[in-house]
Amino acid sequence: MAFIGSLTGGTAAIGIGGRNSAELAVKLRNADPKSKYGYDLVVLDDECKPNVAVQVATKAGADRSIVASVSHYCSVAAIAAVDTYHRLGLPMVVWGAVLPDITYRDKYPEVHRVNGTMINQNEVAAKFMTGLGFKKWVVIHDTTDYGKGHNEYFSKYVKSNGGEIAGTFGVTADQQDFTADLTQAKALSPEVIYFGGLTPIGIRLRSQMDKLGVNAVLQGTSGIKSDAYIQGLGPLAEGSLSFIDGAPIEKFPGGKFFQTEYDKAGI
């Protein structure tokens, strides 16, 4: 089996957690006397980059000893590689990427997912936030397929729930300075800044909101749900919101057992 995730870069904390979970799952499976086969795990780093994702997916697919792959946290990596899995006939299951097009666009028989999509995530987020009484948003999203998708679905659902999108700003995935975007956003007096992007930009954005005196709640997606976000911001992380699909682990069959084994492993 292959595991592919972002093991370096700004989303490495999530990728390493995914790798550790995959390694534990293989270990537990191999220890089960009912298991028909023994498994080895080949770990590959996609760096959360589309070109690297294609390279490592090609490497996994070309290795005929690898029968399937658990692949990708980053949507930009997953969507770039889906054609490769199909072309090489390597079955894969997405373990974190939420862009709907990964599984819905071409509907390749090799490409599957275990997590939900940003459609589910943003529908719940919009209902929750409008239910709290928030009415006015500014959207800031990265201009990858991931960020544009979040903007599309959140804007749709917040409007259908009675909210207002006062402004929308696209930023690059490696942008450092958000002064111009946040100055314009501040002038629109939003109650909430909705951010569609990943942890590294989320940290910079929230920090610069504070410096510029943008008095609004930062609402993020599953892309900022990371220990790295909290560690990077310290007290400034307090009050940020993020939404991720899925039930608590203890609600899943075998979830409590897996969590106990994970804790015991000290990883």
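This is a predicted model: local features need pLDDT of at least 70, side-chain atom pairs count only at pLDDT 80 or more; totals for chains, interfaces and linings use all residues.
Which strands does helix 2 (residues 50-62) lie across? I started my notes with that one. Helix 2 lies across strand 1 and strand 2, and it runs at about 160° to strand 2.

I found an open sheet of five strands in the order 2-1-3-4-5, with parallel pairing. Its edge strands are strand 2 (42-45) and strand 5 (111-113), and each of them pairs on one side only. From one strand to the next, the twist averages 25°.

I then zoomed in on strand 1 (residues 2-5) and strand 3 (residues 69-71). They run parallel and are joined by three bridges. A2 stands opposite S69 in strand 3.

Strand 8 and strand 9 pair in the parallel sense over three bridges. I noted I193, whose bridge partner in strand 9 is L218.

**Entry: helix 1 against helix 10**

At what angle do helix 1 and helix 10 pack? I got about 105° for helix 1 (residues 12-31) and helix 10 (residues 255-265), with their axes 11 Å apart. The range for roughly perpendicular is 65 to 115 degrees, and helix 1 and helix 10 are therefore roughly perpendicular to each other.

I listed who meets whom. Helix 1 brings G17, N20, S21, L24, A25 and L28, and these meet F257, F258, E261 and Y262 in helix 10. I sorted the residues of this contact into six nonpolar, three polar and one charged.

**Entry: aromatic rings**

My count of aromatic pairs came to five. One of them is F128 with F243, an edge-to-face pair at 5.6 Å centre to centre and 70° between the planes. This pair links distant parts of the chain, 115 residues apart: F128 sits in helix 5 (residues 118-131), F243 in the loop between helix 9 (227-233) and helix 10.

Is F243 buried or exposed? F243 is buried, with a relative accessible area of 11%. F128 has 43% relative accessibility and counts as partly exposed.

Then I checked F154 and Y194, which form a stacked pair: 4.0 Å centre to centre, 5° between the planes. F154 lies in helix 6 (residues 145-160) and Y194 in strand 8 (residues 192-196), so the pair ties together parts 40 residues apart in sequence. Both F154 and Y194 are buried.

I also wrote down one aromatic cluster, formed by F3, Y73 and W95.

**Entry: S226**

At 10% relative accessibility, S226 counts as buried, because the cut-off for that is under 20%. I left aside the neighbours within four places in sequence, and S226 is then in contact with A13, I14 and T199.

Methods. Residues are numbered from 1 along each chain as its sequence is written. Side-chain values use heavy atoms; hydrogens and water are left out. Axes are lines fitted to C-alpha atoms, for helices over the stretch in contact, and angles run from 0 to 180 degrees between N-to-C directions. Helices (H or I, at least four residues) and strands (E, at least two) are DSSP runs, numbered from the N terminus. Angles under 35 degrees count as roughly parallel, over 145 as roughly antiparallel, 65 to 115 as roughly perpendicular and the rest as oblique. Contact means heavy atoms within 4.5 Å. Ala, Val, Leu, Ile, Met, Phe, Trp, Tyr, Cys and Pro count as nonpolar, Asp, Glu, Lys and Arg as charged, and the others, Gly among them, as polar. Two strands pair if DSSP finds at least two bridges between them. Rings of Phe, Tyr and Trp (its six-membered ring) pair if their centres lie within 6.5 Å; planes under 30 degrees apart count as stacked, over 60 as edge-to-face and the rest as tilted. Buried means under 20% relative accessible area, exposed over 50%, partly exposed in between (1.4 Å probe, protein chains only).
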